[in-house]
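Me: Here is a structure to read. Please take me through it in short questions and answers.

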Amino acid sequence: MSRFLNFDTLSLHAGQVVDPEFGARATPIYQTTSYVFPDTDTASSIFNLERGGHAYSRITNPTVGVLEQRIAALEGGSAAVCTASGMAATFCAITAILGQGDHIVASTQMYGGNISLMKNTLPRFGITTTFVDPTDTDGFRAAIQDNTKLIYGELIGNPGLDILDLEAIARIGADSQVPVMIDATFNTPYLCRCFDYGANVTVHSVTKWMGGHGTAIGGAVVDGGNFDWGATDKFPTITEPYAPFSGINLWEEFGPSAFATRIRAEAMRDIGPSMSPMNAFLLLQGIETLSLRMDKHLSNTMILLDYLSSHEQVSWVNHPSLPAHSSHELAKKYLPKGAGSIISFGVKGGRAAGKAFIENVELASHLANVGDAKTLVIHPATTTHSRIDADALVAAGITEDMVRLSVGLEDVADIKADFENGFRAAKRISKG
Amino acid sequence: MGFRTRQIHAGVTPDPMTGAILTPIYQTTTYVQPSVDEYLSKGFTYSRSGNPTVKALELKLTDLEGGVDCACFGTGMSAVLATMLAFLEAGKHAIVSDVAYGGTYRLSTKILSRFGIDYTFADTSNAAAVAAAVRDNTALILTETPANPTMKCSDIAAISEIAKKAGAVHAVDNTFLTPYYQRPFELGADISIHSTTKYMDGHNATVGGAVISNSEEHATAVRFIQNSTGTIMSPQVAWLTLQGCKTLSVRMDAQSASAMAIAEFLEAHPKVAQVAYPGLKSFAQHELSSKQASGYGAMLWFEVKGGLVAGKQLMDNIELWSLAENLGSVESLITHPVTMTHADVEKAERDRVGIIDGLVRVSVGLEDTEDLIKALSDALDQV
């Protein structure tokens, strides 16, 4: 099977060994808490990380394991750990290597939950963050401190859609001996394999395009296997003996997957944000059609960009595929297939008109998710980004008239017809 | 081994590859064969014909009933259908309990009768009436004991004897008591049928059915129908039912104890005209029930004085008890068979078999007995 390495083939087969007992073609759903050990020696070697194997589904589960291997293969990483949500993935990835007194340099344009984690939660444990405009690459270099241990950003920023200059950021990371962690949710490995451009870790909310059907919450951390943790003494959680496992040195024992192993040994064991086997099964189903869905998401996006750009009720349209977008050249470089299926646009008439639009579309669902097969719309200022203050709102590029659109797979003529109703209502409101 | 041990362990062995203590959910359509020559060597080809998760449930139910094989189905009705299709054909005759579940009556009179199968609806609570209904071409006797909703009981041993003499198969719908309380094979029956939706699942989570056979010959006939008609159970349903079965005896004991207390409460209540519960001394077939089963179950019916109008008043006002179809779950349910479960049975037929207009059927759940009684008492006060 390792002879077949192309993306669509991997999205169907990677990680799955056909069930040896019955030959079941689909991955069985191991909805079980624990595993009967054949003998005590096997049990103790599984507990000591001396051999692979399953002990308890908080740590590993065979169904979740197939998903982990599949995502790692698609991303071109050394290993992956799946988690109960995308936020759990981010939290586990950061806390695997950072602790009290450490520092992050992060993009200002990120999902509100990521910003809140770094701005409100991590400081309570002594981890601070300097936020930098993602278009200001030099600003990332300038923000690096002696105690900086992580550069973090979203390849396609949320919701401004500015693209990180990943190669330049990776160079800064390499020069500073700091890993670069990218939230790759909006691009998925189909649009950009971030490790090819020097990123060291990716995190995903697989709830979104990876799963693609709005059925299961989940996250993933992928270890790029390309960071030299031993080059400095900055990363003792990876390079120093780990007491709970008889003083094992993860860097020596696991090399390119040492980071993922740390998450498995610590976060999954002591914190426990495990993905359920049923969710893993649903997400595996979703990944089987990832490229087909992404192609259709992207073609619908291009058609809607044309439609919105020429619509009289639209004051502005933002998407990196538009030549006017400041990240257009970066989008062409890193995302040649297309720069994702999120569009933001302004409805003429400001806040009230934006609200009227959202309340009068019918096919497009008003909800706080993206990457569903169904078209979704939301008003970020009052929902996803409502818990961050006014200054941060401006910094994140959010205006009060902004509608964020996650383009779905419906017939695009129907999406347009639906939007016409929304725009008519917005027009009535703005005329007073 | 005892029932409680078997309800947990029968049919389930730790997954040989991972040790997973629970049977995985094999949500798969097909099975990769090692080679042409080894086709079927691992036991499965296509999930209509067999599925490892469904198989685990089938093994468990076979063990609990003490039979030789079990075939699971998408619903209890498809289990009844499979039994009829396995043992009947055009020109054959079946004797069916005249108080069988309304769906069984509908299946017989409205569907299978179109294919040249002849039915007699007999009062199976009277074995002599069954003997009298036997014809040369009788191939199947289908009883349901206790019956839904009249609670009439059929003498399994006596009817099995009649069936044997007639060369007919005796199938018993054992849904109300489950093998924990009643094991038809020990009394001579050939087939045990279940709506696993009821006590086997127990949590209102799934619909499913099962046919357990007590001989290889009958098992083969039922399996053939299962595969060729495709009315199968899904792996997800089988998995949930496997979990439900683990607490079957504990739920049955607790729910039956509550049912006994509720039956006694209702029997003593001035606004209640009559109560039917096999555990009551006043129940006409109390002796038969005590003889052929080790428990009385958690189903009963009563009639409020004032008939249909009073019964409706009670059901519209009652709290805690849900006005809902289904039975056997941990949630207590209350139903009006005449307008709900048995609406398809003609009024003349209902009256003849004792499904009177004012009959209120209750399925006693797992809530605290005193809460259930208080809710009934409050509702009766409002009648």
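Reply: Buried area is the accessible area (1.4 Å probe) that two parts lose on being put together, summed over both. This is a predicted model, in which local features need pLDDT of at least 70, side-chain atom pairs count only at pLDDT 80 or more, and totals for chains, interfaces and linings use all residues. Residues are numbered from 1 along each chain as its sequence is written, chains are lettered from A and ligands numbered from 1 in the order in which they are written, and side-chain values use heavy atoms, with hydrogens and water left out.

Me: What area is buried between chain B and chain A?

Reply: Start with contact, which means heavy atoms within 4.5 Å. By that rule, 22 residues of chain B are in contact with 21 residues of chain A. Carbon and sulfur atoms give 67% of the buried area, and its value is about 1900 Å².

Me: How many salt bridges does the rule find across the interface of chain B and chain A?

Reply: A salt bridge is a side-chain nitrogen of Lys or Arg within 4 Å of a carboxyl oxygen of Asp or Glu. Over all chains the count is 21. Across the interface of chain B and chain A, the number is zero.

Me: Arg141(A) and Asp175(A) tie together parts that are how many residues apart in sequence?

Reply: The side chains of Arg141(A) and Asp175(A) form a salt bridge, 3.2 Å from N to O. Helices (H or I, at least four residues) and strands (E, at least two) are DSSP runs, numbered from the N terminus. Arg141(A) lies in helix H6 (residues 137-143) of chain A and Asp175(A) in helix H7 (residues 166-176) of chain A, so the parts tied together are separated in sequence by 34 residues.

Me: Which residue of E4(B) is the bridge partner of Val96(B)?

Reply: Strand E2 (residues 93-97) and strand E4 (residues 138-144) of chain B run parallel, joined by four bridges. Val96(B) has its bridge partner in E4(B), and that partner is Leu142(B).

Me: Where is Pro149(B)?

Reply: The peptide bond from Asn148(B) to Pro149(B) is cis, with omega near 0 degrees. Another cis bond joins Thr145(B) and Pro146(B), with omega about -5 degrees. Pro146(B) sits in the loop between E4 and helix H6 (156-166) of chain B. The place of Pro149(B) is the loop between E4 and H6 of chain B.

Me: Which strands are at the edges of the five-strand sheet in chain A?

Reply: This open sheet has the order E8-E9-E12-E11-E10 in chain A, with mixed pairing. Helix H13 (residues 290-309) of chain A lies across E8, E9 and E12 of chain A, at about 15 degrees to E9(A). Each edge strand pairs on one side only, and the two are E8 (314-318) and E10 (365-366) of chain A.

Me: Is the crossing of H3(A) and H12(A) left-handed or right-handed?

Reply: The axes of H3 (residues 62-75) and H12 (residues 277-287) of chain A come within 8 Å and cross at roughly 35 degrees. A crossing is left-handed if the near helix is turned anticlockwise from the far one by less than a right angle, and right-handed if clockwise. H3(A) passes H12(A) in a crossing that is left-handed.

How values were computed
Pairing = 2+ DSSP bridges. Axes fitted to C-alpha atoms, helices over the stretch in contact; angles between N-to-C directions.
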